[in-house]
Amino acid sequence: MTFYTLDYLKAQHQVDQVVLYGFGVVVLLILTLTLLAYAKNRLKTKYRDLSIIMVLIMLYLFGLNYNSFEQHKSQTLSSSQIQPFLRSVAKETRVPSAKVAVNSRTLADGIIVKVADKYYRVSLSPDRSSYNLERTHMIDQNIKVQ
């Protein structure tokens with residue numbers, strides 16, 4: 001079972017955003033270069049064809065990535081909910097936040113929190129404004145903390 005620390009969740013969110021923006025910049029740069037080449041040599045149809053192909057590839061990739069973007073947005077929202085939760089658990093149990101980890105990237109009822117060497121099952125209120133920690137024991141002791 002894999003557990004995620006607060007530092008890992010913060011870093012993962014930032015890496016995802018950088019990759020998404022980097023990909024968009026590269027595609028726009030290639031499109032700009034092909035459009036400039038076409039504008040310079042209007043009589044050569046290969047640049048026009050390359051520009052059209054790049055626009056079609058961009059539309060195809062944006063169509064494919066739209067669903068991925070919506071999922072990313074949903075995960076970002078859930079991830080932003082779990083970070084204050086981990087800080088609250090660390091404060092309530094009086095341990096450093098580096099010693100608190102959770103087995104899910106999203107805040108949900110029934111997740112398991114690792115506090116130092118102890119494990120707790122989380123019960124959330126219906127509006128997710130409060131939680132209850134119940135001591136639990138792991139059957140599989142093969143735990144990986146990221």
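Modeller: Two strands are said to pair if DSSP finds at least two bridges between them, and the strands themselves (E, at least two residues), like the helices (H or I, at least four residues), are DSSP runs numbered from the N terminus. The model is predicted, so local features need pLDDT of at least 70 and side-chain atom pairs count only at pLDDT 80 or more, while totals for chains, interfaces and linings use all residues. Residues are numbered from 1 along each chain as its sequence is written, and side-chain values use heavy atoms, with hydrogens and water left out.

Colleague: In which order do the elements of the chain run from the N terminus on?

Modeller: They run β-α-α-β-β-β-β-β, which gives 2 helices and 6 strands.

Colleague: What makes E2 and strand E3 a pair?

Modeller: E2 and strand E3 (residues 112-115) are joined by 3 bridges in the antiparallel sense, and because the definition asks for at least two, they count as paired. Within this pairing, the bridge partner of Ala101 in E3 is Lys114, and Val100 stands opposite Val115 in E3.

Colleague: Why are E5 and strand E6 called edge strands?

Modeller: The 6 strands form an open sheet in the order E5-E4-E3-E2-E1-E6, with mixed pairing. E5 and strand E6 (144-145) each pair on one side only, and they are the edge strands.

Colleague: How do you know whether Arg94 counts as buried or exposed?

Modeller: Arg94, in the loop between helix H2 (45-93) and strand E2 (100-102), has 76% relative accessibility, and because this is over 50%, Arg94 counts as exposed. Arg128, in the loop between strand E4 (118-124) and strand E5 (131-136), has 43%, and therefore counts as partly exposed.

Colleague: What is the phi of Arg94?

Modeller: Phi of Arg94 is near 60°, a positive value in a residue other than glycine, and Arg128 likewise has a positive phi of about 60°. Most residues other than glycine have a negative phi.

How values were computed: Buried means under 20% relative accessible area, exposed over 50%, partly exposed in between (1.4 Å probe, protein chains only).
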